[in-house]
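Subject: Structure for your review

Dear colleague,

Please find below the structure I am handing over to you. My findings on the ligand and its surroundings follow it.

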Amino acid sequence: MAPNENRSALVTGAAQGLGAAIARRLHADGFRVAIADLNIDTATALALELDASGATARALAVDVSDADSIHRAFADQTAAWGAPDVLVNNAGRTVRSSIWDITPEEWDAVLRTNLRSYLVFCQLAGSAMRDKGWGRIVNMASFAGQQGGLVTGAHYAASKAGALVLTKIFARELAGDGVTVNSVSPAAIHTPAMGSDADAAEIGRTLPVGRVGTAEEVAAAVAYLVGPDSGFVTGSTLDVNGGVFMR
Ligand SMILES: NC(=O)c1ccc[n+]([C@@H]2O[C@H](COP(=O)([O-])OP(=O)(O)OC[C@H]3O[C@@H](n4cnc5c(N)ncnc54)[C@H](O)[C@@H]3O)[C@@H](O)[C@H]2O)c1
């Protein structure tokens with residue numbers, strides 16, 4: 001039996017960008033994949049593309065900024081395929097703004113979407129994984145959470161720094177139960193948010209490796225962390241950043 005067969009993965013923010021690349025990669029690696037997103041039409045299109053029968057891919061409507069919506073989506077997913085074996089917390093708002101312009105309301109909204117959602121999903125999935133004695137959680141963080149970021153706002157950077165420490169806390173809680181919890185910290189990945197190919201090439205020239213990264217390279221990092229060879233890796237952060245930040 002292939003290592004990931006009979007395992008299911010829930011990927012948030014999977015309708016586009018990094019989340020869609022992660023969903024595609026995990027599906028190709030043998031996982032059944034729940035494509036969770038606010039944008040249910042795009043999530044449904046991807047699920048149908050991966051498996052029109054719905055047996056190994058399904059769209060899941062969720063607004064991660066709303067804890068009740070997360071609870072409903074998790075219950076829906078659990079009723080369909082059982083609690084997920086793999087959780088990838090990826091949905092988030094990438095927000096640019098000056099630290100001098102951030103209102104308290106905007107601060108709360110970004111933290112609610114980008115960080116509180118990770119807490120609620122980790123609580124739900126982590127306790128189910130603990131009961132099963134196996135699980136993998138990956139929290140999508142960012143270079144911004146390590147170094148403050150280049151163009152993104154302080155609320156975004158703070159949410160990603162929070163994701164990094166939340167990863168360590170859940171990792172410690174679940175280490176004895178066969179559940180690993182890790183982060184991936186990307187920077188300068190070529191998604192639509194980056195602009196045109198020319199913009200990406202210009203940004204790439206400023207990086208040590210001389211190019212921007214691809215969504216598939218981030219997905220490969222996630223695939224390692226949720227796959228069969230990473231059971232001794234927990235509480236870590238895998239930097240996928242072209243060498244822009246080295247620790
Ligand atoms: N692209 C990069 O270079 C980069 C770098 C560092 C970190 N990241 C992180 O990677 C993750 C994905 O980034 P991306 O570039 O693919 O972003 P993106 O904006 O292309 O995609 C984000 C996805 O999340 C969904 N989403 C947003 N708010 C939601 C909500 N409230 N409920 C449910 N779904 C919601 C969107 O519909 C979308 O499908 C984010 O957490 C981001 O912070 C990206």
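The residues lining the largest pocket comprise 25 nonpolar, 16 polar and five charged ones. Please bear in mind that the model is predicted.

The pocket

In total, 46 residues line the largest pocket, and its volume is about 1300 Å³. Leu 18, Thr 94, Tyr 156, Thr 191 and Ala 193 are the lining residues that lie nearest the centre of the pocket. Among the secondary structure elements, H1, strand S2 (32-37), helix H5 (143-147) and H6 each contribute at least two residues to this lining. The largest share comes from H1, with three residues. The largest pocket is also the space that the ligand takes up.

The ligand shell

Around the ligand there are 26 residues, of which Gln 16, Leu 18, Asp 37, Asn 90 and Tyr 156 come nearest. Helix H1 (17-28), helix H4 (104-132) and helix H6 (154-174) each provide at least two residues of the shell.

Polar contacts and burial

At Asn 90, a polar backbone atom lies 2.8 Å from an oxygen atom of the ligand. For Lys 160, the distance from an N or O atom of the side chain to a ligand oxygen atom is 2.8 Å. The side chain of Thr 191 has an N or O atom 3.4 Å from an oxygen atom of the ligand. The ligand taken alone exposes 830 Å², and the protein buries 88% of that area.

Yours sincerely

Notes
Residues numbered from 1 in each chain as written. Predicted model: local features only at pLDDT ≥ 70, side-chain atom pairs only at ≥ 80, totals over all residues. Heavy atoms only, no water. Near = heavy atom within 4 Å. Polar contact = N/O pair within 3.5 Å; in protein donor to acceptor, adjacent residues only side chain to side chain. Areas by Shrake-Rupley, 256 points an atom, 1.4 Å probe, with all protein chains shown as cover. 1 Å grid on protein atoms, 1.4 Å probe; cavity = no way out; pocket = protein on both sides within 12 Å on 5 of 7 lines; lining within 4 Å. Sits in = over half its atoms within 2 Å of the grid points. Helix = DSSP H or I, 4+ residues; strand = E, 2+ residues; numbered from the N terminus. Points joined across faces, edges and corners; volume = space filled by probe spheres on them. Nonpolar A, V, L, I, M, F, W, Y, C, P; charged D, E, K, R; others polar.
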